[in-house]
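Subject: Handing over the model

Hi there,

Here is the structure I promised you. Have a look at it first, and my notes come after.

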Amino acid sequence: MERSSTTPGGSARREATRQKLYEAAVTLIAEQGFSATTVDEIAERAGVAKGTVYYNFASKSVLFEELLRHGVGLLTASLREAAERTAREGRGKVDALDAMIHAGLVFIDRYPAFTQLYVAELWRTNRAWQSTLMVVRQQAVAVVEGVLREGVAAGEFSEEIDVPLTAAALVGMVLVAALDWKSFQPERSLDDVHAALSRLLQGRVSGRR
């Protein structure tokens, strides 16, 4: 999983190392689960010494917690950029939601293993990082909430819309539909999946027929 930017010098090298560790951790944990994955395996997969893992992260749990922050942060940034781009182009809030659906699908297509882990962790309640997961989840959902509220204020959406629940439903729709696509319908193209979800959005959220 890539950072959107890096800092110069030693910080850039450290970010590159952390990037390798994120990639190694998400791949291994997706393959065999968190408990079965060891720090030794993460270090080996990343091509670094075991001590490098502990230099960057205090423990495997901290690494995974930071991985969740990192991944959901990238997703949130892509959703926000999609919404801001449609605003700059002078398009409406339905178009903004549609662009965000597309951005979400692009993210999941690029990082399917992370998405699978993220969705699985949402259903667990005994993890040390559960509170962190809830915080970063809300950051992503809040971007969608903002567009919905603006749409209600502009008269594009009904005032009867339950904004928090609708935002969560839209994010959930993209996550579940995309995972189903990657797992059971891989022959479909991203544009095909987006078109199906776009039609659902147009009919249900905007009220168009």
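Below is what I found in it.

This is a predicted model, where local features need pLDDT of at least 70 and side-chain atom pairs count only at pLDDT 80 or more, while totals for chains, interfaces and linings use all residues. Residues are numbered from 1 along each chain as its sequence is written, and side-chain values use heavy atoms, with hydrogens and water left out.

The annotated domain: an unreviewed UniProt entry puts "domain: HTH tetR-type" on residues 15-75; such annotations may be inferred rather than shown by experiment. That stretch is 80% helix and 0% strand (helices are DSSP runs of H or I, at least four residues; strands are E, at least two). Its end C-alpha atoms lie 18 Å apart.

The second largest pocket: its volume is about 160 Å³. A pocket here is an open set of points on a 1 Å grid over the protein atoms alone, where a 1.4 Å probe fits, with protein on both sides within 12 Å along at least five of seven lines; lining residues have an atom within 4 Å of a point. Helix 8 gives the largest share of the lining, five residues, and helix 6, helix 7 and helix 8 each supply at least two. Among the lining residues are Tyr 118, Trp 123, Arg 137 and Gly 172. By class, the lining has nine nonpolar, one polar and one charged residues, with Gly counted as polar and Arg as charged.

Lastly, Arg 80 sits in helix 4, and its C-alpha atom is 11 Å from that of Gly 104, 24 residues away along the chain.

Best wishes

Notes: Points joined across faces, edges and corners; volume = space filled by probe spheres on them.
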